[in-house]
Amino acid sequence: MKEKFVGKTVVFIPTASNNEGYTGYVGSARKLWKKLCAKITKIDMENTNINDIKKTFNDADIIYFTGGNSFFLMEQLRKTGVDKLVKEQIELGKLFVGESAGAIICAPTISYIESMDAIPDECFQVDYSGLNFIDFCIVPHYLTAPFKKCTEKIVKYLFKRYFTCVAQLFLVRKSEIF
């Protein structure tokens, strides 16, 4: 698998983790991409203008969103216009990789994850629709501490309403799901 990523440029977007207490997973993800010999370009959507983001996306092979807070991430995607840009880039054939919150946002809605991922007080969005890249919901961290009880409840709720995928990482390219 490593050979598929050697020399590829990855836009590394840790914005979902900006207001999180623990962010060790961001460093772990960065180490993994480096181990795969990818070139990493970090962008924080909260502090980067859309023109710089567009240029960085255009020059990249892979768009990667780390974990963190799904609601904060969707708000930043909409606020900056990156939600539309990501869709355009996927249609052009870019690989989208989402981990945890970065995977959750691919679903039609993110409202189902609220019991695991609290809506931040400073989050003013009222629309909890996701990017709608897929027609099912992602439940990361299923049955792992400290999310065991809440992920069990989420999966029970979702199985009654949606098809659910229990996954930590998600990849999308055009209409393909890996």
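Close-up 1. Asn-69 sits in the loop that joins S3 and H3; helices (H or I, at least four residues) and strands (E, at least two) are DSSP runs, numbered from the N terminus. This is a predicted model, in which local features need pLDDT of at least 70 and side-chain atom pairs count only at pLDDT 80 or more, while totals for chains, interfaces and linings use all residues. Residues are numbered from 1 along each chain as its sequence is written, and side-chain values use heavy atoms, with hydrogens and water left out. Asn-69 counts as buried because its relative accessibility is 6%; buried means under 20% relative accessible area, exposed over 50%, and partly exposed in between (1.4 Å probe, protein chains only). Setting aside neighbours within four places in sequence, Asn-69 is in contact with Ala-16, Glu-20, Ala-101, Asp-117, Ala-118 and Pro-120, where contact means heavy atoms within 4.5 Å. A polar atom of the Asn-69 side chain lies 2.9 Å from the backbone nitrogen of Phe-71. Look also for Asn-18: its C-alpha atom is 8.4 Å from that of Asn-69, although 51 residues separate them along the chain.

Close-up 2. S1 pairs with S2 (residues 39-42) in the parallel sense, over four bridges; two strands pair if DSSP finds at least two bridges between them. Together with helix H1 (residues 24-35), S1 and S2 make a right-handed β-α-β unit. Right-handed here means that, with the strands pointing away from the viewer, the path from the first strand over the helix to the second runs clockwise.

**Close-up 3. The nonpolar cores.** The largest nonpolar core has 41 residues, and Phe-57, Phe-65, Leu-77 and Tyr-112 have the most contacts inside it. Such a core is a set of buried Ala, Val, Leu, Ile, Met, Phe, Trp, Tyr and Cys residues joined through side-chain atoms within 4.5 Å. Another core, of 12 residues, lies apart from it and includes Leu-36, Ala-38, Tyr-64 and Val-97.

Close-up 4. The buried residues of H4 are Val-82, Asp-83, Leu-85, Val-86, Gln-89 and Ile-90. Seen down the axis of H4, they fall within an arc of 160°, so they line one face of the helix; the arc is that of the directions from the helix axis to the C-beta atoms. On the face turned away from this buried side, you will find the exposed residues Lys-84 and Glu-91. Just after H4 comes Gly-93, with a positive phi of about 105°.

Conventions
Polar contact = N/O pair within 3.5 Å; in protein donor to acceptor, adjacent residues only side chain to side chain.
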